[in-house]
Amino acid sequence: MTRLRVIKAFDGVSIAAHELRKVPNASKRVLFSHATGFHGLVFNQTMQALSTDHDVHCMSIDHRGHGLTKYINNANGKDTWEMFGDDALAASHVLMKDCNQGDTTLIGTAHAIKLITYSCI
(Lines give C-alpha, C1' and ligand atoms only; values in the text may rest on other atoms or scores of the structure.)
Protein backbone atom coordinates (compact mmCIF):
# COMPACT_ATOMS: atom_id res chain seq x y z
CA MET A 1 0.00 0.00 0.00
CA THR A 2 1.27 3.47 -0.82
CA ARG A 3 1.82 6.19 1.73
CA LEU A 4 0.45 9.65 0.95
CA ARG A 5 3.04 12.36 1.31
CA VAL A 6 2.71 16.10 0.71
CA ILE A 7 5.60 17.79 -1.08
CA LYS A 8 6.06 21.53 -1.16
CA ALA A 9 6.85 22.74 -4.65
CA PHE A 10 9.40 25.51 -5.08
CA ASP A 11 6.57 28.06 -5.28
CA GLY A 12 4.92 26.73 -2.09
CA VAL A 13 2.13 24.71 -3.71
CA SER A 14 1.32 21.39 -2.00
CA ILE A 15 1.80 18.43 -4.34
CA ALA A 16 0.36 15.02 -3.43
CA ALA A 17 2.85 12.18 -3.71
CA HIS A 18 2.24 8.44 -3.39
CA GLU A 19 5.24 6.64 -1.96
CA LEU A 20 6.04 2.95 -1.71
CA ARG A 21 9.19 1.81 0.03
CA LYS A 22 9.68 -1.70 1.28
CA VAL A 23 13.49 -1.54 1.43
CA PRO A 24 14.64 1.26 3.79
CA ASN A 25 17.88 2.08 1.94
CA ALA A 26 16.94 1.13 -1.60
CA SER A 27 19.74 1.63 -4.11
CA LYS A 28 17.32 2.74 -6.81
CA ARG A 29 14.63 5.42 -6.65
CA VAL A 30 11.93 5.74 -9.32
CA LEU A 31 9.75 8.82 -9.78
CA PHE A 32 6.63 8.27 -11.88
CA SER A 33 4.77 11.02 -13.77
CA HIS A 34 1.26 10.43 -15.14
CA ALA A 35 -0.44 11.57 -18.34
CA THR A 36 -2.95 14.39 -18.58
CA GLY A 37 -6.27 13.32 -17.10
CA PHE A 38 -4.76 10.63 -14.87
CA HIS A 39 -3.26 10.71 -11.35
CA GLY A 40 -0.22 9.20 -9.64
CA LEU A 41 -1.99 6.07 -8.41
CA VAL A 42 -2.23 4.83 -12.00
CA PHE A 43 1.27 3.44 -11.33
CA ASN A 44 0.30 1.62 -8.10
CA GLN A 45 0.61 -1.95 -9.50
CA THR A 46 3.94 -1.16 -11.13
CA MET A 47 5.24 0.40 -7.93
CA GLN A 48 4.08 -2.65 -5.93
CA ALA A 49 5.92 -5.01 -8.27
CA LEU A 50 9.14 -2.98 -8.27
CA SER A 51 9.25 -2.55 -4.52
CA THR A 52 8.41 -6.21 -3.83
CA ASP A 53 10.68 -7.91 -6.37
CA HIS A 54 13.56 -5.43 -6.54
CA ASP A 55 15.57 -3.02 -4.39
CA VAL A 56 13.47 0.02 -5.45
CA HIS A 57 11.90 2.97 -3.60
CA CYS A 58 9.00 4.32 -5.72
CA MET A 59 7.09 7.61 -5.76
CA SER A 60 4.42 8.97 -8.06
CA ILE A 61 3.03 12.50 -7.93
CA ASP A 62 -0.36 13.99 -8.70
CA HIS A 63 0.38 16.90 -10.98
CA ARG A 64 -1.51 20.17 -10.43
CA GLY A 65 -5.18 19.75 -11.18
CA HIS A 66 -4.95 15.94 -11.03
CA GLY A 67 -5.75 13.43 -8.28
CA LEU A 68 -5.34 14.96 -4.83
CA THR A 69 -3.42 18.05 -5.99
CA LYS A 70 -5.41 21.22 -6.57
CA TYR A 71 -4.79 23.28 -9.67
CA ILE A 72 -2.84 26.39 -8.76
CA ASN A 73 -0.72 28.57 -11.05
CA ASN A 74 2.79 29.03 -9.79
CA ALA A 75 3.76 32.18 -7.89
CA ASN A 76 4.89 33.94 -11.06
CA GLY A 77 1.46 33.48 -12.61
CA LYS A 78 2.90 31.09 -15.19
CA ASP A 79 0.65 28.33 -16.43
CA THR A 80 3.21 26.38 -18.39
CA TRP A 81 4.78 22.96 -18.65
CA GLU A 82 7.70 24.43 -16.73
CA MET A 83 5.69 24.41 -13.49
CA PHE A 84 5.03 20.68 -13.93
CA GLY A 85 8.77 20.20 -14.41
CA ASP A 86 9.49 22.24 -11.29
CA ASP A 87 7.05 20.06 -9.33
CA ALA A 88 8.77 16.89 -10.58
CA LEU A 89 12.13 18.39 -9.64
CA ALA A 90 10.89 19.17 -6.11
CA ALA A 91 9.64 15.58 -5.80
CA SER A 92 13.01 14.23 -6.96
CA HIS A 93 14.75 16.28 -4.26
CA VAL A 94 12.46 14.76 -1.60
CA LEU A 95 12.91 11.26 -3.01
CA MET A 96 16.72 11.53 -2.87
CA LYS A 97 16.91 13.45 0.41
CA ASP A 98 17.22 10.51 2.80
CA CYS A 99 19.77 8.42 0.94
CA ASN A 100 23.49 8.23 0.32
CA GLN A 101 23.42 9.68 -3.19
CA GLY A 102 26.75 8.20 -4.15
CA ASP A 103 25.19 4.74 -4.00
CA THR A 104 21.73 5.56 -5.31
CA THR A 105 20.25 5.95 -8.78
CA LEU A 106 17.23 8.15 -9.56
CA ILE A 107 15.11 7.07 -12.51
CA GLY A 108 12.38 9.32 -13.86
CA THR A 109 9.65 7.71 -15.93
CA ALA A 110 6.52 9.15 -17.45
CA HIS A 111 3.45 8.27 -19.47
CA ALA A 112 2.61 10.30 -22.59
CA ILE A 113 2.51 14.07 -22.43
CA LYS A 114 4.02 14.47 -18.97
CA LEU A 115 7.32 13.11 -20.26
CA ILE A 116 8.23 16.76 -20.78
CA THR A 117 8.39 17.20 -17.00
CA TYR A 118 11.54 15.13 -16.87
CA SER A 119 13.43 17.35 -19.25
CA CYS A 120 13.55 19.76 -16.31
CA ILE A 121 15.19 17.30 -13.89
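Tutor: Let's start with a pairing: R21 stands opposite H57 in β4. That pair belongs to strand β2 (residues 14-21) and β4, which run antiparallel and are joined by five bridges. (Strands pair if DSSP finds at least two bridges between them; strands are DSSP runs of E, at least two residues, and helices are runs of H or I, at least four, numbered from the N terminus.) This is a predicted model, where local features need pLDDT of at least 70, side-chain atom pairs count only at pLDDT 80 or more, and totals for chains, interfaces and linings use all residues. Residues are numbered from 1 along each chain as its sequence is written, and side-chain values use heavy atoms, leaving out hydrogens and water.

β4 also pairs with strand β3 (residues 28-33), this time in the parallel sense over six bridges; there, F32 stands opposite S60.

So how covered is β4, which spans residues 56-61? Six of its six residues are buried, meaning under 20% relative accessible area with a 1.4 Å probe, protein chains only. In a regular strand, side chains alternate between the two faces of the sheet. Here V56, C58 and S60 lie on one side, H57, M59 and I61 on the other, and all are buried.

M59 and I61 are also among the residues touching the most other members of the largest nonpolar core, which has 13 residues. (Such a core is a set of buried Ala, Val, Leu, Ile, Met, Phe, Trp, Tyr and Cys residues joined through side-chain atoms within 4.5 Å.) β2, β4 and α2 (81-97) each give two or more residues to this core. V56, meanwhile, is in a second, separate core of seven residues that also includes L20, F32 and M47.

Definitions and conventions:
Buried < 20%, exposed > 50% of the residue type's maximum accessible area, 1.4 Å probe, protein only.
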